[in-house]
Amino acid sequence: MAFYFAQLLTGMANASALFLVASGLSIIFGVTRVVNFSHGSLYMLGAYIAYSSMTVLPGIIGFWASILVAGLAVGLIGMIIEVCVLKPIYKAPELFQLVATFGVILVIQDMALLIWGPEDLFGQRAPGFEGVVEIFGERVPSYDLVLIVLAVVVLIGLWYLFTKTRVGILVRAATQDREMVSALGVNQSVLFSGVFFLGAFLAGIGGAAQLPKGSANLLMDFGILAPIFVVVVTGGMGSIWGAFVAAMLISVLQVYGIRFLPNSTLVLMFIVMAVVLVIRPWGLFGKPEAAGDHGSQGPPPKPFRQLDPSGRIIVAVIIAALTLVPLSGVNFLSVLFADIIIFCLFAASLHYILGVGGLVSFGHAAFYGGGAYVAALFVQYAGTPMELALMLAPLGAGFAALIIGWFCVRLTGVYFAMLTLACAQVLWSIVFQWDEVTGGDDGMLSIWPSAWASEPGVYYYLVLVLGVGGVLVLRAMAHTPFGYALRGTRDSALRTEAIGMNVKLIQWMAFVFAGAMAGLAGGLFVFAKGSVFPTEMEIATSFDALIMVFLGGVQSLTGPIAGASVFTLLQDWLSRFEYWRLLLGLLIIFIAILLPGGLAGAVDQVKALLGRAPKDEAAP
Amino acid sequence: MSFLTVQNLYKSFGGNRAVDDVSFALAKGELLALIGPNGAGKSTCFNMLYGILAPDKGSVCLDGRELIGMKPRDIWRLGVGRTFQITAVYASMSVVENVQMALISHHRKTFSAFTRAARLYRDDAMALLNLIGMKDQADRAANILAYGDLKRLELAVAMAHDPALLLMDEPTAGMAPGERRALMKLTADIVAERGVSVLFTEHDMDVVFENAHRVLVLNRGQLLAEGSVDDVRANPAVQEVYLGGGTTFGGDGDHA
């Protein structure tokens, strides 16, 4: 009994940081309707800044003041992010804000590397709480008790702030109706910045307080991202009590899980979330997403156009040019262009649910990496030939999408995005933790094409046929009745149900189809590289696909192709610099602010300037 | 014989009885108006008829089939069309494509993956647009239409599967007076020609009195009066609600 109680305390101590970061994310979302994806980075900065103020200023401000300093500094950084990155794009569709905060992740990652270096940094222990205390005969680190107290104090503090103070009541009012609050004479701009400060402050404190239990390291940002999303989605977006209860629930189960099912801790987290969402789709304490989508006030989506004859000629010329690549005799070019084609297919498959269906998935890499692993596993354990493995890859990925999609399409908007990310992270963790089968972090090696296709030039043609074929199928599917119906669910779910169509079924099937196509891209990838690693499934890969779609322009079927090509070439070029993430991050932020239509939008703008506006816009 | 029968419908929100024992019937080919001041329970009634809200008790029978418990899309399949108070059309599609979508669904081609949607049932859709006088706007994008045209487009979409019953929630809200008349005249003509039954809610009394065959008056969730236009006009209780003390009838500017 005593043992279980001690475990319970450990779980609650682990929940502390999770709660602090998740509540910050939740508060920011509640008021500004922005999901701050860089919240994990703020948590990481909290730990680094606390480390520096402990080691650089030892004795001057001490341990406890260092935690406070870290919180305040991160709060300020959060405000700077809000003012510089988000303020210019509040009126843009949600996706822009999400992508821009992803740019911030990249920038902070490289800045941290630049300032603190790649080593893990271990901070000092909390003075007075270095040891253990005995509770019912079990030894519990005394600092764990500090963390539990911290979480409870913050919970009470936030409760007091939001129910008893004028500022807190204004913030809650803003959560319900921003326009009304600004009509009452509250300066929205100050309110938003203030809320960002508070949210970032909490993340900073969370990171700093975690320091005595671990270290400050560069993996903290992505490491905490999936758990806090699970906490926020399970607890209910915008609910502080929900964040607290969910953080406790998940951390405590995690601790018991390590005891009984050591290899499935992350899966356990997912199961908790899945059970909660089946019973309460908006989380334990959440409410349905407010109608009328406060975040996106962009222009209505434009219709997709069939290619005009000149467009068809351009496509034909590009495909013809692609067939000439291996004839150059430069293997490097065949490899690079095969990569580009594979990413085009990956990006186009994401675009199908994101652009056509309006469902912003943040976990599309699950199906890309999933397809790659399905192919690799069949080759390794069943000796499956490449040809069959390439068919099984989309089937396997489609099957994964069938299960994940069933949960995800029950939700919409930001909830959908977070749930897809969390689900993808679970698949990643299965692959990562299941060493004996998947090789874990070491990946799976020697997955080569069949003999006839082993030449890079020959395999390139296989990629060309299947990749370009896949992209064309995706394009064609946008113009079929099914594609129109999917577009209908995006434009007006209400109307779609009112003409007898099943919105959720359409979205689910589109999710499966897009997942299968991503799986095909993954299958092509694994034979091109001869190996596969868990990185193909991680959050960063999902974001890569999002950025390709976003860079090309969401409102255009050609966008993802252009985006994938440019992004792959850009990354190939940028990765030669040491701090390429910094450059890429800044580039993403600039594009979000300056080129809201992506590359395709920019092309339209140039055409309009030259007096060749597309027809549908020329109508009065 | 009555085509749609609503019996003893109840719905409360918290302590507020939004719809309190409402019963009525609608005959084939009838144009029935459901009127009442703001908060009378019109929209709640409508949403229960269309499967969006579940009633606390009561029954809604269409041609002998119970609608309560069915989803909106299944009710649509039984031949019930609907337009919305705030128009819901596909902004990224052309006018004719909006109508084609309803036809695609009607012919159960939603999951078809081997044809081009833009080619399917285009002629049928054009015929419907012709009916509402929007044929010349067929290829314009729906998101640049004037509001009155959007309302007409919704009518064409609702008529696409040749419904036997049309539910119109404030069909003329937000339109100019001239447009209101034109739209309701069009609706009345279609009803006469095709034998469709229509149930509509409306704030504009001129529109109601000119077109409705029969009128139901709701007040505070209860059926206050029912009868022909002249009966309802002459009913003192209705006059009390609409013109009386002003306590039950506060902020409705439409009437004036």
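Reader: Where in chain B is D162(B) found?

Author: D162(B) sits in the loop between α5 (147-159) and β7 (165-169) of chain B, where the names come from DSSP runs numbered from the N terminus, helices being H or I runs of at least four residues and strands being E runs of at least two. This is a predicted model, so local features need pLDDT of at least 70 and side-chain atom pairs count only at pLDDT 80 or more, while totals for chains, interfaces and linings use all residues. Residues are numbered from 1 along each chain as its sequence is written, chains are lettered from A and ligands numbered from 1 in the order in which they are written, and side-chain values use heavy atoms, with hydrogens and water left out.

Reader: Why is D162(B) called exposed?

Author: The relative accessible area of D162(B) is 51%, and a residue is exposed when that value is over 50%, buried when it is under 20%, and partly exposed in between, with a 1.4 Å probe and protein chains only. D162(B) is therefore exposed. The phi of D162(B) is near 55 degrees, a positive value in a residue other than glycine.

Reader: What is the phi of R220(B), and where is R220(B) found?

Author: R220(B), which is not a glycine, has a positive phi of about 50 degrees, and this residue is in the loop between β9 (214-219) and β10 (222-227) of chain B. Its relative accessible area of 58% makes R220(B) exposed.

Reader: How do you know whether E82(A) is buried or exposed?

Author: E82(A), which has its place in helix α3 (residues 62-86) of chain A, has 0% relative accessibility and so counts as buried.

Reader: What makes the meeting of E82(A) with S193(A) a polar contact?

Author: The side chains of E82(A) and S193(A) are in polar contact at 2.8 Å, and the term requires a pair of N or O atoms within 3.5 Å, where within protein one must be able to donate a hydrogen and the other to accept it, and residues adjacent in sequence count only if both atoms are side-chain atoms.

Reader: Why can the salt bridge of D339(A) and K529(A) be said to tie together parts of chain A?

Author: The closest N and O atoms of D339(A) and K529(A) are 3.0 Å apart. D339(A) lies in helix α13 (residues 331-356) and K529(A) in helix α21 (residues 503-529), so the pair ties together parts that are 190 residues apart in sequence. D339(A) counts as buried because its relative accessibility is 15%, whereas K529(A), at 29%, counts as partly exposed.

Reader: What makes the patch of V152(A), I156(A), W159(A), Y160(A), W241(A), V245(A) and F285(A) a nonpolar surface patch?

Author: Patches are made of residues with over 30% relative accessible area and no salt bridge, nonpolar side chains (Val, Leu, Ile, Met, Phe, Trp, Tyr) being joined within 5 Å and like charges within 9 Å. This patch covers about 670 Å², an area that comes from the Shrake-Rupley method. Its largest share, four residues, comes from α5(A), and I156(A) has its place in that helix.

Reader: Which residues gather in a patch of negative charge on the surface?

Author: D435(A), E436(A), D441(A) and D442(A) gather there, and Asp and Glu count as negative, Lys and Arg as positive, while His and the chain ends are not counted. E436(A) is found in helix α17 (residues 435-438) of chain A, and its relative accessible area of 59% makes E436(A) exposed.

Conventions. Accessible areas come from the Shrake-Rupley method with a 1.4 Å probe; for residues, only the protein chains shown count as cover. A salt bridge is a side-chain nitrogen of Lys or Arg within 4 Å of a carboxyl oxygen of Asp or Glu. The place of a charge is taken as NZ of Lys, CZ of Arg, CG of Asp or CD of Glu.
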